[in-house]
Amino acid sequence: MELFILKLTGIICITILAIAIIIARKDDIEITSVFITIIFEIIALCIIYVPIEKMIELIEKLINI
């Protein structure tokens, strides 16, 4: 249950960040702000569906590059 709450909190934070980017760039919405927002939402989906062990393994691999 704790893991679910942590994942839900992460998704809410990423979604708020994505919305903030779009709102801040509302006057000149370009493809870059939309692209950054899409990346954040993909990260949020990965947080939900990828097991935590695989995420830790991936982060360790990225650090060791």
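Is Glu57 buried, partly exposed or exposed, and what is its relative accessibility? In this predicted model, Glu57 has a relative accessibility of 37% and therefore counts as partly exposed.

The secondary structure consists of three helices and zero strands, and the order of elements from the N terminus is α-α-α. The C-alpha trace spans about 40 × 35 × 15 Å along its principal axes. As for burial, 15% of the 65 residues count as buried. The accessible surface of the chain amounts to about 5400 Å², and carbon and sulfur atoms account for 76% of that area.

Helix α1 covers residues 2–24 and includes Ile5. With a relative accessibility of 46%, Ile5 counts as partly exposed. Ile5 also contributes to a nonpolar surface patch of about 650 Å², which is made together with Met1, Phe4, Leu8, Ile12 and Ile16. Leu3 is another residue of helix α1, and its relative accessibility of 41% places it in the partly exposed class.

Ile52 brings the description to helix α3, which runs over residues 52–63. The twelve residues of this helix reach 17 Å from the first C-alpha to the last, close to the 16 Å expected at 1.5 Å a residue. The number of buried residues among the twelve of α3 is zero, so this helix lies largely in the open.

Side chains of opposite charge can pair when their charged atoms come close. Here Glu57 forms a salt bridge with Lys61, and the closest N and O atoms are 3.7 Å apart, within the 4 Å cut-off for such a contact. The count of salt bridges comes to one. Because Lys61 and Glu57 are four residues apart in helix α3, about one helical turn separates them. The two partners fall into separate accessibility classes: Lys61, at 52%, counts as exposed, while Glu57, at 37%, counts as partly exposed.

Definitions and conventions: Residues are numbered from 1 along each chain as its sequence is written. This is a predicted model: local features need pLDDT of at least 70, side-chain atom pairs count only at pLDDT 80 or more; totals for chains, interfaces and linings use all residues. Side-chain values use heavy atoms; hydrogens and water are left out. Patches are made of residues with over 30% relative accessible area and no salt bridge: like charges are joined within 9 Å, nonpolar side chains (Val, Leu, Ile, Met, Phe, Trp, Tyr) within 5 Å. Accessible areas come from the Shrake-Rupley method with a 1.4 Å probe; for residues, only the protein chains shown count as cover. A salt bridge is a side-chain nitrogen of Lys or Arg within 4 Å of a carboxyl oxygen of Asp or Glu. Helices (H or I, at least four residues) and strands (E, at least two) are DSSP runs, numbered from the N terminus. Buried means under 20% relative accessible area, exposed over 50%, partly exposed in between (1.4 Å probe, protein chains only). The expected span of a helix is 1.5 Å times one less than its number of residues.
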